[in-house]
Amino acid sequence: MYFFLLNLSLLDLGSISTTVPKAMANSLWDTRAISYLGCAAQVFFFLFLMVGEYCLLTVMAYDRYVAICKPLHYGTLLGSRACVHMAAAAWGSGFLYAVLHTVNTFSIPICQGNALNQFFCEIPQILKLSCSHSYLRKAGLLLFGFSLSSGCFVFIVLSYVQIFRAVLRIPSKHGRHKAFSMCLPHMAVVSLFLITAMFAYLKPPSIFSSALDLVLAVLYSVVPPAVNPLIYSMRNKELKDTLKKLIQLFFCQQQ
């Protein structure tokens with residue numbers, strides 16, 4: 001579990017470093033310029049890290065399933081070598097998806113200028129600048145991404161169905177609480193990641209607003225990587241006690 005959390009932390013750090021520093025630099029220098037190669041690199045690394053994170057969250061769902069439903073077989077099914085292979089598969093899937101998606105996106109002809117209404121090179125905004133006759137290639141990109149995300153989503157849901165069935169059969173209340181506490185951080189991270197991404201990419205075309213697009217982009221590209229460490233750290237008793245003291249101190253000062 002901690003090996004997967006290390007990989008998740010690296011992916012979160014990389015994904016937020018892909019977009020935020022450039023956006024902050026542009027804000028400080030009052031510019032929105034980015035080179036063509038810089039935009040392509042940003043798209044590649046953002047997709048690589050975000051898709052890798054989604055695949056890793058899928059692997060972590062399997063980790064939780066084995067830990068709760070087959071605890072006696074955990075060491076056999078998820079030994080050090082198996083964990084390394086699954087983490088490598090998540091990183092490799094993100095890399096392959098990013099290569100295919102980036103190459104296809106930047107091979108589509110651009111006919112409507114070069115100004116993006118976003119704080120980073122977001123694929124939906126790039127596709128809005130493409131020529132109208134490229135709709136088949138756009139549909140292919142969306143279908144490929146939807147297939148991958150749907151497969152991971154179904155796997156996560158099925159894993160948690162089995163987990164909940166196993167947890168509800170635990171006779172001890174303490175045992176059920178411990179099992180749920182193991183799963184809740186992962187469920188919170190997955191839900192935050194999927195909900196924000198779905199709002200951004202499945203928004204109806206009739207709802208068009210630059211401000212709304214900016215808010216949704218921040219929600220799925222910045223908020224999950226920033227909040228994930230806090231969510232997983234809430235299982236740490238010392239951190240929870242420190243946070244309670246800070247909250248109490250804040251309210252005492254207000255009074």
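Helix H1 (2-29), H2 and H4 each put at least two residues into the lining of the second largest pocket, and H1 gives the largest share, four residues. Helices here are DSSP runs of H or I with at least four residues, strands are E runs of at least two, and both are numbered from the N terminus. A pocket is worked out on a 1 Å grid over the protein atoms alone, as an open set of points with protein on both sides within 12 Å along at least five of seven lines, and its lining residues have an atom within 4 Å of a point. The pocket in question comes out at a volume of about 620 Å³, the volume being the space filled by probe spheres set on the points, with grid points joined across faces, edges and corners. Of its 26 lining residues, Arg32, Ile34, Asn114, Leu116 and Cys121 sit closest to the centre. By type, the lining splits into 15 nonpolar, nine polar and two charged residues; Ala, Val, Leu, Ile, Met, Phe, Trp, Tyr, Cys and Pro count as nonpolar, Asp, Glu, Lys and Arg as charged, and the others, Gly among them, as polar.

A word on the ground rules. This is a predicted model, in which local features need pLDDT of at least 70 and side-chain atom pairs count only at pLDDT 80 or more, while totals for chains, interfaces and linings use all residues. Residues are numbered from 1 along each chain as its sequence is written, and side-chain values use heavy atoms, with hydrogens and water left out.

Zooming out, the protein chain has 10 helices and zero strands, so its pattern along the sequence is simply α-α-α-α-α-α-α-α-α-α. Buried residues account for 38% of the 255 residues in the chain, where buried means under 20% relative accessible area, exposed over 50%, and partly exposed in between (1.4 Å probe, protein chains only). H2 is mostly covered, with 26 of its 34 residues buried. From first C-alpha to last, H2 reaches 49 Å, close to the 50 Å expected at 1.5 Å a residue; that expected span is 1.5 Å times one less than the number of residues.

With a disulfide taken as a pair of cysteine sulfur atoms within 2.5 Å, the count comes to one. The partners are cysteine 39 and cysteine 121, whose sulfur atoms are 2.2 Å apart, and the link is left-handed, with -135° about the S-S bond. Cysteine 39 belongs to helix H2 and cysteine 121 to the loop between H4 and helix H5 (123-128), so the pair ties together parts that are 82 residues apart in sequence. Both ends are tucked away: cysteine 39 is buried at 9% relative accessible area, and cysteine 121 is buried at 5%. Cysteine 152 is another story, because its sulfur lies 4.5 Å from the closest cysteine sulfur, in cysteine 55, too far for a bond. Cysteine 152 is itself buried, at 10% relative accessibility.

Rings of Phe, Tyr and Trp (its six-membered ring) pair if their centres lie within 6.5 Å, with planes under 30 degrees apart called stacked, over 60 edge-to-face and the rest tilted. That rule gives 11 aromatic pairs. In one of them, tyrosine 36 and phenylalanine 106 have ring centres 5.5 Å apart and planes at 85°, so the pair is edge-to-face. Tyrosine 36 lies in H2 (residues 36-69) and phenylalanine 106 in H4 (residues 80-106), so this contact ties together parts that are 70 residues apart in sequence. Tyrosine 36 is exposed at 54% relative accessibility, whereas phenylalanine 106 is buried at 17%.

Phenylalanine 44 and phenylalanine 95 also pair edge-to-face, because their ring centres are 5.7 Å apart and their planes stand at 90°. With phenylalanine 44 in H2 and phenylalanine 95 in H4, the pair ties together parts that are 51 residues apart in sequence. Phenylalanine 44 is buried at 16%, while phenylalanine 95 is partly exposed at 45%. Along with Phe45, Phe48 and Trp91, Phe44 and Phe95 form one aromatic cluster.

Finally, there is alanine 90, which lies in H4 and is buried at 2% relative accessibility. Its C-alpha is separated by 5.2 Å from that of glycine 52, 38 residues apart along the chain.

Terms used. 1 Å grid on protein atoms, 1.4 Å probe; cavity = no way out; pocket = protein on both sides within 12 Å on 5 of 7 lines; lining within 4 Å.
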